[in-house]
Amino acid sequence: MPVGTRATVKAIAQEDLEGLGAEIILANTYHLYLRPGHELIRELGGLHRFAAWPHPMLTDSGGFQVFSLGALNKIEEVGVTFRSHLDGSQHQLTPELAIEVQMALGADIIMAFDDCTPYPATTEQARASLERTERWAERSRAEWEGKGRGGQALFGIVQGGMYPELRREAAERQVERGLPGYAIGGVSVGEPRELSYAAVAAAVARLPRDKPRYLMGVGTPEELVAYAGMGIDMMDCVLPTRNARNGLLFTSQGAVAIKNARHARDPGPLDPDCGCRVCRRYSRAYLRHLYQSGEILASQLNTHHNLFHYLDTMRQVRHAIGLGQFGPWRAKRTYNRSTQTEWLSPFSAT
RNA sequence: GGACAGGUGGGUGAGUGGUUAAUACCAACAGACUGUAAAUCUGUCGCCCCUUGGGGCUACGGAGGUUCGAAUCCUCCCCUGUCCA
């Protein structure tokens, strides 16, 4: 899922996202609450109409901003008091308000308000964060139910830090809520990759296979494949779009820093094995020139390519799954003794 | 011809006797980026060496000079800009 925090996936228009085959995009509660305001969006017919995106959308609850804007907020049991990064004004985001805002925005999938556990965290800290997330999930669920669900699907979030035991427990306790879907949060917050894999593996094993299992904020193309192999159904990440704007492009040969001088005279395509519009038409030399010159088109073309690469990677994963050549059973076998390359092997065989 | 102002590292531009191999910004080069405070941030950025830390050399238009010590003060020269003839 491409990330469109402020109701826009940066540097690409909705019709181009459709062209890329993006089926669902994200937006963010905290950011849209501050600007332009959820009431304004409700007044204009909801997020889909406002952003002219007549396809599935998911809003994050603002729980991640508790983590990423840690210097600007204060966590209490009732909720989190933010100082707006825009104008310094004070706001208290509670589970109830997070749900209210998300119901006003009207995305198809909304997220419980959670406490994203930082890394590193002691087992006590992870436990406390897990318990708070549980209590906030319950309040989120109550608010959502109380407001009639609005035709929206509420997902609960599994925390637990890098402790598999806590992850298992958190997953089981979330599942007891009987929600439409479940997410795993608090991953890729600076920890070594083996720890993320172990934490996710522990959590996903306890989540029902007949409901969406969403891993939040992940990852590199290799990680997407690895997690899909573990049974993850949905992922979102800013990596393809942010890195695109910063000149790092994902290709079948690995990441390419298009801003590097070595591409200055390269007339070839970014990725000869890529079928995207950018790779079919433009040279590395030109892409580098656009980046070096600070041209807006650099962000646009780079974003287009990176999203194509990500979405295409997932298309291949789905294809492999359809052929029975890829799945949890297969991935589980390679996982314990694996490198990232081995994770890729199931579909590179197709 | 005259009067002012000025010439600093790839560029713009600080610095007016030691704490200056020289502020800052830009360019260049490299790195980072994982539920987006990000078209952002960080590092390197005279040359040569041992390479933690340092050592040597060359540098602020040119040539002299003053001084323990000069990008900074003095003299002459060259060049640039503005104005007056």
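Biologist: Helices (H or I, at least four residues) and strands (E, at least two) are DSSP runs, numbered from the N terminus. Which of them each supply at least two residues of the surface near RNA strand B?

Modeller: Those are β1 (25–28), α5 (63–68), α11 (239–245) and α14 (296–322). "Near" means a C-beta atom, placed from the backbone, within 6 Å of the strand. This is a predicted model, where local features need pLDDT of at least 70 and side-chain atom pairs 80 or more, while totals for chains, interfaces and linings use all residues. Residues are numbered from 1 along each chain as its sequence is written, and chains are lettered from A and ligands numbered from 1 in the order written.

Biologist: Which residues come nearest to RNA strand B?

Modeller: Of the 47 around RNA strand B, His-85, Cys-116, Ser-188, Gly-217 and Gly-219 come nearest.

Biologist: New topic: how is chain A divided?

Modeller: Chain A has domain 1 (14–237) and domain 2 (242–338), with bounds from an automatic or database assignment. Their centres, taken over C-alpha atoms, are 27 Å apart.

Biologist: How many residues of each domain are in contact?

Modeller: 11 residues of domain 1 are in contact with 14 of domain 2, counting C-beta atoms, placed from the backbone, within 7 Å. On the domain 1 side, α1 (14–20) and α10 (221–229) give two or more residues, and α10 has the largest share with 5 residues.

Biologist: And what is the strand order in the open sheet?

Modeller: The order is β3-β4-β5, an open sheet of 3 strands with antiparallel pairing; pairing takes at least two DSSP bridges. β3 (73–75) and β5 (90–93) are the edge strands. Strand β4 (residues 80–83) pairs with β5 over 4 bridges, and Phe-82 has His-91 in β5 as its bridge partner.

Key: Two residues are in contact if their C-beta atoms, placed from the backbone, lie within 7 Å.
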